[in-house]
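The following note sets out numbered points on the structure shown below. Each point may be checked against the sequence and the coordinates.

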Amino acid sequence: QDAITLIERAVQQASNLQTPKGQKSINQACYLPSTPDGIPIMGSLPDHPGCFVATGHSCWGILMGPATGEAMAHLIATGTSPHIDLSPFQPARIRNMVMVTTTT
């Protein structure tokens, strides 16, 4: 019950914040990590064995979270993801925030 009371009190205090003109003021800050090419980064870091990242989903992170989590769990545990080809998402394609392209 104490936690509910604290939340209700915080909501009430936030609701009472007003601008000098009497209008309610709402401030919001968001950070949407994204990559230069708009494709998430998922995989192991090339220069840091055993270090894995999954980032850059932008506003789609909340929707891609479960699938990303499953793919990364498989990758970390077994070295591969059975449900999705992670090669397009490799961290090695971006270095110093500059796209790295390779030719074969």
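1. Is Pro82 buried or exposed? Pro82 counts as exposed because its relative accessibility is 55%; here buried means under 20% relative accessible area, exposed over 50%, and partly exposed in between, with a 1.4 Å probe and protein chains only. Pro82 lies in the loop between H2 and strand E3 (94–95). Its C-alpha atom is separated by 9.9 Å from that of Glu70, 12 residues away along the chain.

2. Basis of the note. This is a predicted model, in which local features need pLDDT of at least 70 and side-chain atom pairs count only at pLDDT 80 or more, while totals for chains, interfaces and linings use all residues. Residues are numbered from 1 along each chain as its sequence is written, and side-chain values use heavy atoms, with hydrogens and water left out.

3. Overall architecture. The protein contains 2 helices and 4 strands, which follow the order α-β-β-α-β-β from the N terminus. Helices (H or I, at least four residues) and strands (E, at least two) are DSSP runs, numbered from the N terminus. Of the 104 residues in the protein, 16% are buried. Among contacts (heavy atoms within 4.5 Å) between residues at least 6 apart in sequence, 46% join residues at least 24 apart.

4. Nonpolar core. The largest nonpolar core consists of 6 residues, namely Met42, Ala71, Met72, Leu75, Leu86 and Phe89. Helix H2 (residues 61–78) supplies the largest share of this core, 3 residues. Such a core is a set of buried Ala, Val, Leu, Ile, Met, Phe, Trp, Tyr and Cys residues joined through side-chain atoms within 4.5 Å. In soluble globular proteins, nonpolar side chains tend to be buried together. Leaving aside residues up to four places away in sequence, Ala71 touches Met42, Ser81, Ile84 and Leu86.

5. Largest pocket. The largest pocket has a volume of about 160 Å³. Its lining is formed by Pro40, Met42, His57, Met64, Ala67, Thr68, Glu70, Ala71, Ser81, His83, Ile84 and Phe89. H2 gives the most to this lining, with 5 residues. By class, the lining has 7 nonpolar, 4 polar and 1 charged residues; Ala, Val, Leu, Ile, Met, Phe, Trp, Tyr, Cys and Pro count as nonpolar, Asp, Glu, Lys and Arg as charged, and the others, Gly among them, as polar. On a 1 Å grid over the protein atoms alone, a pocket is an open set of points where a 1.4 Å probe fits, with protein on both sides within 12 Å along at least five of seven lines, and lining residues have an atom within 4 Å of a point. Grid points are joined across faces, edges and corners, and the volume is the space filled by probe spheres set on the points.

6. Strand E1. Ile41 is placed in strand E1 and is buried because its relative accessible area is 14%. Beyond residues up to four places away in sequence, Ile41 touches Thr35, Val53, Ala54, Thr55, Phe89, Pro91, Arg93 and Ile94.

7. Pro33 and Ser58. Pro33 is found in the loop between helix H1 (2–15) and strand E1 (41–44) and is partly exposed, at 26% relative accessible area. Apart from residues up to four places away in sequence, Pro33 touches Thr55, Gly56, His57 and Ser58. Ser58 belongs to the loop between strand E2 (52–55) and H2, and is partly exposed, with a relative accessible area of 28%. The phi of Ser58 is near 55°, a positive value in a residue other than glycine. Most residues other than glycine have a negative phi, and most peptide bonds are trans.

8. His74. This residue sits in helix H2; at 27% relative accessibility, His74 counts as partly exposed. With residues up to four places away in sequence not counted, His74 touches Gly79, Thr80, Ser81, Pro82 and His83.

9. Cysteines. A search of the whole structure finds 0 disulfides, a disulfide being a pair of cysteine sulfur atoms within 2.5 Å. Cys51 is partly exposed, with a relative accessible area of 32%, and Cys59 is also partly exposed, at 44% relative accessibility.
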